[in-house]
Amino acid sequence: MIAPHSTATPASARTVRKAVVPAAGLGTRFLPATKATPKEMLPVVDKPAIQYVVEEAAAAGLDDILMVTGRHKRAIEDHFDHAFELEQALAAKGDTVRLDAVRDPARLADIHHIRQGDPLGLGHAVLCARQHVGNQPFAVLLGDDLIDPRETLLSRMLRVRERYGGSVVALMEVDPAQLHLYGCAAVETTAEDGVVRVTDLVEKPAPGTAPSRYAVIGRYVLDPAVFDVLERTPPGRGGEIQLTDALRDLAAGGTVHGVVFDGLRYDTGDKADYLRTVVRLACARPDLGPEFACWLKQFVAGLPEDGVTEGGRKRRRAA
């Protein structure tokens with residue numbers, strides 16, 4: 001307990017240094033590829049999706065990262081560890097480019113791992129981080145939700161947290177037909193452009209019932225008060241402990257703000273968006289982009305109007 005005369009900085013004003021990356025999901029949308037490979041380890045060009053997430057956190061100054069995984073996610077732990085035999089082999093060949101690429105994941109931040117155990121939802125995964133985080137504000141980045149590396153969403157959310165305290169969520173305006181896939185926020189404007197106060201949250205609202213077109217995407221900066229709320233939050237939609245439900249409780253007290261994001265975001269848990277992500281990021285690479293974009297233009301120009309190749313038609317007829 002802090003004595004009355006203590007000069008300790010209250011949790012609401014502390015600089016955020018820790019991040020939590022929930023990565024315990026089963027990845028059922030990508031079966032059979034994810035039967036033995038974690039969905040977060042699926043390659044996006046030449047790096048696993050989760051490495052982009054960790055790089056984003058590190059670029060925003062978060063140097064202590066806890067990954068919440070499951071028993072089938074050992075590959076994630078191995079990826080962010082040193083591979084001594086491989087490093088020695090590359091060093092012996094003088095292949096410094098690939099050697100740096102292999103070493104980089106382990107050098108991004110101080111990375112820790114904990115297993116969720118039972119898959120009881122995102123709220124439960126966040127609650128698993130309580131002992132590691134302690135009484136400090138922290139960020140949460142979902143492991144298959146990528147923000148384009150050229151964007152600065154997380155850094156802006158951290159600045160909003162410093163200004164207002166409480167918790168901050170990332171919001172994106174989406175097609176009303178897609179709102180049932182997200183947590184959805186009711187908001188009030190503030191004096192700051194692109195920053196709103198969240199007054200209510202609904203997890204995956206039924207069609208026609210969403211309070212706005214603002215969906216919560218996979219970036220959060222949370223006050224440690226969320227842990228006490230999660231402790232008493234009963235299972236919600238899907239029988240899981242929903243982080244959205246806990247944030248709804250905090251929003252009722254006026255302590256949740258939202259940063260409206262209109263940049264590039266990729267859901268690598270969705271097959272079509274995963275393919276778009278690979279194409280976009282490959283085209284942005286100076287070493288791959290020019291040649292790949294040239295081929296892509298030729299390929300698209302040769303597609304029939306319905307976009308289905310002859311090989312695709314044959315497979316469809318056979319099915």
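# Reading cores, helices and backbone angles

User: Which residues does Leu 153 touch, not counting residues up to four places away in sequence?

Analyst: Contact means heavy atoms within 4.5 Å. Leu 153 touches Ile 147, Ala 170, Ile 217, Arg 219, Val 259 and Phe 261, with residues up to four places away in sequence left out. This is a predicted model: local features need pLDDT of at least 70, side-chain atom pairs count only at pLDDT 80 or more, and totals for chains, interfaces and linings use all residues. Residues are numbered from 1 along each chain as its sequence is written, and side-chain values use heavy atoms, with hydrogens and water left out.

User: How many residues has the largest nonpolar core?

Analyst: A nonpolar core is a set of buried Ala, Val, Leu, Ile, Met, Phe, Trp, Tyr and Cys residues joined through side-chain atoms within 4.5 Å. Buried means under 20% relative accessible area, exposed over 50%, partly exposed in between (1.4 Å probe, protein chains only). Here the largest core has 42 residues. Those with the most contacts inside it are Ile 50, Leu 62, Ile 65, Met 67, Leu 153 and Val 221. Helix 1 (residues 49-59) gives the largest share of this core, six residues. A second, separate core has 32 residues, including Val 68 and Leu 243.

User: Is helix 1 mostly covered or uncovered?

Analyst: Helices (H or I, at least four residues) and strands (E, at least two) are DSSP runs, numbered from the N terminus. Helix 1 is mostly covered, with eight of its 11 residues buried. Among them are Ala 49, Ile 50, Gln 51 and Glu 56. Gly 61 follows helix 1 and has a positive phi, near 95°.

User: Which residues have a positive phi although they are not glycine?

Analyst: Most residues other than glycine have a negative phi, and most peptide bonds are trans. Val 45 has a positive phi of about 65°. Val 45 sits in the loop between strand 2 and strand 3 (47-48). Lys 204 has a positive phi too, about 45°. Its loop runs between strand 10 (195-203) and strand 11 (214-222). Val 45 is partly exposed, at 25% relative accessible area. Lys 204 is also partly exposed, at 33%.

User: Where is the cis peptide bond?

Analyst: The cis bond joins Leu 31 and Pro 32, with omega about 10°. Pro 32 is in the loop between strand 1 (18-22) and strand 2 (43-44).
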